[in-house]
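Please consider the sequence and the structure shown below. The paragraphs that follow lead through helix packing, sheets, a loop residue and some backbone details.

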Amino acid sequence: MATPWVRSGYRAELVHAAMGSSFVFVFAVQITGSSNVVELSGLAGLALFAVFLVAGMGLLVGLRRRQSWAGHRKPRRFDTNLVVIGAGSAGLVSAYIASAVRAKVTLVEKHKMGGDCLNTGCVPSKALIRAARAVHEARAAAELGINVGEPQVDFAQVMARVQGVIDRVAPHDSMERYTELGVECVPGEATILSPWEVRVGERVLTTRNIIVASGASPMVPPIPGIEAVSYLTSDNLWQLEAQPRTLLILGGGPIGCELAQAFQRLGTAVTLVDMLPRLLPREDEDVSALVAAQFTAEGIRVLTSHKTIAFEKDGGRDVAILETVAGAKGAAGPGAVNLRLPFDKLLVAVGRRANTEGLGLEALGIATTPTGTIAVDKYLRTSTPTIYACGDVAGPYQFTHTAAHQAWYAAVNALFGTIKKFRVDYRVIPWVTFIDPEVARVGLSEDDARAQGVAYEVTRYDLADLDRAIADNAARGFVKVLTPPGRDRVLGAAIVGYHAGELLTEFVTAMRQGLGLNQILSTIHSYPTVSEANKFAAGNWKRVHVPRKWLRLAALLHRWKRG
């Protein structure tokens, strides 16, 4: 059973700690005599209370540890300092850090080294997107005065290159490389037997600590008839050899949008369906609107506010039955069937579910969240203090770079937590959706700021005015920056446009290092580059915030100097 401090959050932990420290304080008074305590100065009393507070927290942690260890015998000796389960981004970085600090570490992977990012996610999808962009650029070449005709797509060759890219990157994440780094790599399925034991096949490893980095898998919604359809997910999509004539994609998030545009540009007729009223719902409405307009211009059929209620066969073809979401524009009322949509292939991209099954978590009472991820505290510990979790299996962000970010904290806290623990830092998390134009964001969006009651101002710069974007035939999109009223501190930034992912880094650095728009404005940006967009956005903020009284004084000075 999960312990309350994980289930109820950090406030409950502080309350319990305070209660425990109060007990220690009262106990100390009884031992030393109340008169001695009363005679202490205010400062000394506060210092003593702080000592008791720390002692109380330590006592509670010890009690929780004993509770989580109940029924398990701690080994006298350990085979390894750390067992890491899963060799995706989080697992690889955890193992790398452990080996770098000379700990003995065992890395267990039941499928392929590199995890989703290498084999079914980031690497293959970006290789496919690159091929699709080449087709789009060839078609658009006429706008530059170069007529190359309609490009011919060899889909099998495109997919073969995707596999080739995976093969070229794979050595970076291979067992051979990590073995050379000092990591023991063990293929097989891991089951956690106790707070200090992991079984892999017939072998039982004893370890000081365990990190669960088992990743996530595509969710498949329980829509009636979906099992009769040979649906694709981001896992098995990459085995396609024949290009589908029509493709229905469920899900208007980043994965659905990236693959919709890629397949449409390669020549497949794509329909993109989502229950929500707009694409990329985590972004602001102006971002979603620009993306939807671009998709429509490229021929993608976008059906937002549509719910897929069933699949069936009709004359040998697969058919999706859709209804308009109640209350949406064009809805015919609850339960009304609005559309029957035939398709050749179905791609399900409605989200990802944490891989927690088969690990032995339930037997140890390790808590999970309502979304199915493993519940962790601010140090990435689970409800069993010797077991940590990071990456997609822990959330709350399912990005490769946040998995690697978490891995540092999980590994360091697991190995050195008895000496010093580090709270995981989520203050500045960037992400990019690799469509064209790219969508990149860090920090607060306008929707976030309104929901949290944060006062803000918006500064925009339109990329249609950027010289380099005009020269490169990519003059669309914008840079949008949120700042506190009257101040240049960056609360968040959203960029839609040419190389948005690269442009975002300047704002990520500014937020991380406490820099403001004035510092960005005073930085020399090479001309003509796309990065100038950030400087021009900062310049737009400055023009609005120049002190009017100083401008009036400057005007008087210049008039006086003219005589």
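An axis is here a line fitted to C-alpha atoms, for a helix over the stretch in contact, and an angle between two axes runs from 0 to 180 degrees between N-to-C directions. The model is a predicted one. In it, the axes of helix 7 (residues 122–140) and helix 8 (residues 155–169) come within 9 Å and cross at roughly 135°. Angles under 35 degrees count as roughly parallel, over 145 as roughly antiparallel, 65 to 115 as roughly perpendicular and the rest as oblique; helix 7 and helix 8 are therefore oblique to each other. Their crossing is right-handed. On the side of helix 7, the contact is made by V123, P124, A127, L128 and A131, and on the side of helix 8 by V158, M159, R161, V162, V165, I166 and V169. By class, the residues of this contact of helix 7 with helix 8 comprise eleven nonpolar, no polar and one charged.

Helix 7 also packs against helix 10 (residues 254–266). The axes of helix 7 and helix 10 come within 8 Å and cross at roughly 45°, which makes helix 7 oblique to helix 10. The crossing of helix 7 and helix 10 is left-handed. From helix 7, the residues S125, K126, L128, I129, A131, A132, R133, V135, H136 and R139 take part, and they meet E258, L259, A262, F263, R265 and L266 of helix 10. The residues of this contact divide into nine nonpolar, two polar and five charged. L128 and A131 of helix 7 are named in the contact with helix 8 and also in the contact with helix 10.

Helix 10 leads on to a sheet. This helix lies across strand 8 (246–250), strand 9 and strand 14, and runs at about 165° to strand 9. The sheet concerned is open and has four strands in the order 10-9-8-14, with parallel pairing. Strand 10 (301–303) and strand 14 (345–348) stand at its edges, each with a single partner strand, so one side of each is left without a neighbour in the sheet. From one strand to the next, the twist averages 20°. Within this sheet, strand 9 (residues 269–273) pairs with strand 10 in the parallel sense over three bridges. One point of reference along this pair is T271, whose bridge partner in strand 10 is R301.

Strands of a sheet pair through backbone hydrogen bonds, either parallel or antiparallel. Strand 11 and strand 12 (residues 317–324) run antiparallel and are joined by eight bridges. K313 stands opposite D318 of strand 12.

Which residues does D436 touch, leaving aside those up to four places away in sequence? They are H136, Q261, R265, Q294, E298 and R476. Of these, H136 and R265 also belong to the contact of helix 7 with helix 10. D436 itself is placed in the loop between strand 17 (430–433) and strand 18 (438–443). Its side chain makes a polar contact with the side chain of R265 at 2.8 Å, and another with the side chain of R476 at 2.6 Å. D436 and F295 are 141 residues apart in sequence, yet 9.1 Å apart in space from C-alpha to C-alpha.

P528 is placed in the loop between helix 17 (517–522) and helix 18 (532–545). A further backbone detail concerns L280, which has a positive phi of about 45° although it is not a glycine. L280 lies in the loop between strand 9 and helix 11 (285–297).

Notes:
Residues numbered from 1 in each chain as written. Predicted model: local features only at pLDDT ≥ 70, side-chain atom pairs only at ≥ 80, totals over all residues. Heavy atoms only, no water. Helix = DSSP H or I, 4+ residues; strand = E, 2+ residues; numbered from the N terminus. Left-handed = near helix turned anticlockwise from the far one by under 90°. Contact = heavy atoms within 4.5 Å. Nonpolar A, V, L, I, M, F, W, Y, C, P; charged D, E, K, R; others polar. Pairing = 2+ DSSP bridges. Polar contact = N/O pair within 3.5 Å; in protein donor to acceptor, adjacent residues only side chain to side chain.
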